[in-house]
Amino acid sequence: MTDRFINLELSQARWLVIFSYLIALFLDTMMIMQNANLLIPPFTLLLQMYWSAQFLKHTHFVSAFVLGLLLDALYQTVLGTHALMFIILTFIMLRYRLLFRSHSVLQQALVIAFYLYAYQFMGYVLFAPVLEETQQIHYWIMPLTALVFWPLLALSLRWLTQKLITQ
Amino acid sequence: MAADYYGQLMGSVRSALLTTLSPIEQAATFPKQVYDLVTTDFTSMDELKLENQKLKTEILLLKAKTQQLANMELEIQRLEGLLGTTGKMNDRKVQIATVNFFSSNPLSQFLTLNKGQLDEVKAGQVVIDEQGIMGQIIHTTPTTSRLLLITDPDHQIPVRIQRTGQRGILNGTGYDSLSLQFIPQNSSVEIGDLLESSGLGEIFPAGYPVARVTKINKQEEEPYLEIIATPVAQLRQAHKVLIISPYDAEKKP
């Protein structure tokens, strides 16, 4: 089962990938209405990172670009800024994805926290968000919440993918 | 990015993206709607909802007219003095819309309304609630439209102080505050002064309440006062709003 999971083809889990992106967009849209949204990481980015590490034969730039554009429309930011940020982070992930895959889930969560810090920093520079004192704190501790979200996300998606390919 | 930032040339692309997101936005509000429904008393719910809806609509229309009437007296005094050189109050066509979705994100302040291109809503139209101006429509999809709130950091609205007629520009600063710009040090401004739309720029109709002055800072080295105001419209609570017809539509016979 492990070999099959390592050599996973995108065509084997295409619908799972699409469905997971839709769920991630749904969650991000829900979070926009909540006051605590600054503490929650963007699920679309987490999904993008996860899938770009799983399917080794693809670059995932198209999905990064499209998801970025959708987030630009969702957050009412200049078109292309989220797309650019997603592509940069996907590019870095592509360079290190073999190493990333060799880590345990908790180690991966730590790496993802660094990616999210890069995301927050780029967002801070590009969007110059208006933040009050407590919101500043929330904004910069958001990447640490990946330590909670990433294991849940990675383990559940791994389980689903394995179920799918063993069918 | 440059095309969108400098020229708004990507309007159709953004509309297409918003149309794609529209069902997701609607689905995302579903859990909140269910929660609201569950936490509401179910006694004669249907009857009460219908009656409430009807009354709310009537109240909204009446309050919108009252806003105009309350300002009319002061407006007439000014017009008498200026022999009709300032903007005049007219009856405008309005559409009632419901707020579908809102953003509490620090990047932008907007609402999504349930009226779109099919209802002839266009970018640039002004939206008010029963208290005052909320903002303007910036993007439309066939069934929804996006309303940029006056508190958004990218939003500016020309206003005047109702008591004195002093004109200025009201900038959004994010969340629930605004900053009144270009008011000279020697101007008469007091905390509690009502700021109303001046009608300059012909986007916002003149005479609608916008904000109330809450803080005034005077710094000797600066030529202008630093004035903070809070919007009078219920930006966070409004459920039903009015979309006002633009100037061009009004001028046609």
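1. Basis of the note. The model is predicted, and local features need pLDDT of at least 70, side-chain atom pairs count only at pLDDT 80 or more, while totals for chains, interfaces and linings use all residues. Residues are numbered from 1 along each chain as its sequence is written, and chains are lettered from A and ligands numbered from 1 in the order in which they are written.

2. The contact between the chains. Chain A gives 26 residues to the contact and chain B gives 27 residues; two residues are in contact if their C-beta atoms, placed from the backbone, lie within 7 Å. On the side of chain A that touches chain B, the elements giving two or more residues are helix 2 (14–32) and helix 4 (61–75) of chain A. Helices (H or I, at least four residues) and strands (E, at least two) are DSSP runs, numbered from the N terminus. The side of chain A that touches chain B holds 17 nonpolar, nine polar and no charged residues. In this classification Ala, Val, Leu, Ile, Met, Phe, Trp, Tyr, Cys and Pro count as nonpolar, Asp, Glu, Lys and Arg as charged, and the others, Gly among them, as polar.

3. Helix 4 with helix 5 of chain A. Helix 4 of chain A packs on helix 5 of chain A at an angle of about 145°, with the axes 7 Å apart. Axes are lines fitted to C-alpha atoms, for helices over the stretch in contact, and angles run from 0 to 180 degrees between N-to-C directions. The crossing of helix 4 of chain A and helix 5 of chain A is right-handed; a crossing is left-handed if the near helix is turned anticlockwise from the far one by less than a right angle, and right-handed if clockwise. Residues of helix 4 of chain A in this contact include Phe61(A), Phe65(A) and Asp72(A), and those of helix 5 of chain A include His82(A), Phe86(A) and Thr90(A). By class, the contact has eleven nonpolar, four polar and one charged residues.

4. Helix 5 with helix 6 of chain A. The axes of helix 5 (residues 81–102) and helix 6 (residues 105–127) of chain A come within 11 Å and cross at roughly 155°. Helix 5 of chain A is therefore roughly antiparallel to helix 6 of chain A, where angles under 35 degrees count as roughly parallel, over 145 as roughly antiparallel, 65 to 115 as roughly perpendicular and the rest as oblique. This crossing of helix 5 of chain A and helix 6 of chain A is right-handed. Among the residues that make the contact are Met85(A) and Phe100(A) of helix 5 of chain A, and Tyr115(A) and Tyr119(A) of helix 6 of chain A. The residues of this contact divide into nine nonpolar, three polar and no charged.

5. Ala146(A). Which helix holds Ala146(A)? Ala146(A) lies in helix 8 (residues 146–166) of chain A. Ala146(A) counts as buried because it has 24 C-beta neighbours inside 10 Å; a residue is buried if 20 or more other C-beta atoms lie within 10 Å of its own, exposed if 12 or fewer, and partly exposed in between, with C-beta atoms placed from the backbone. Leaving aside neighbours within four places in sequence, Ala146(A) is in contact with Pro41(A), Ala109(A), Ile112(A), Ala113(A) and Leu116(A).

6. Strand 5 (residues 145–149) of chain B has five of its five residues buried, and strand 4 (residues 133–140) of chain B has eight of its eight residues buried. Strand 5 of chain B is joined antiparallel to strand 2 (residues 110–113) of chain B by four bridges, and five bridges pair strand 5 of chain B with strand 4 of chain B in the antiparallel sense; two strands pair if DSSP finds at least two bridges between them. Gln136(B) stands opposite Leu148(B). Four residues form the hairpin link from strand 4 of chain B to strand 5 of chain B. Strand 3 (residues 126–128) of chain B runs antiparallel to strand 4 of chain B, joined by three bridges.

7. The barrel of chain B. Six strands of chain B close into a barrel in the order 6-7-8-11-10-9, with antiparallel pairing. Neighbouring strands of this sheet are turned by 40° against each other on average, direction ignored. Strand 6 (residues 156–161) and strand 7 (residues 167–172) of chain B pair over five bridges, with Arg160(B) and Arg167(B) as bridge partners.
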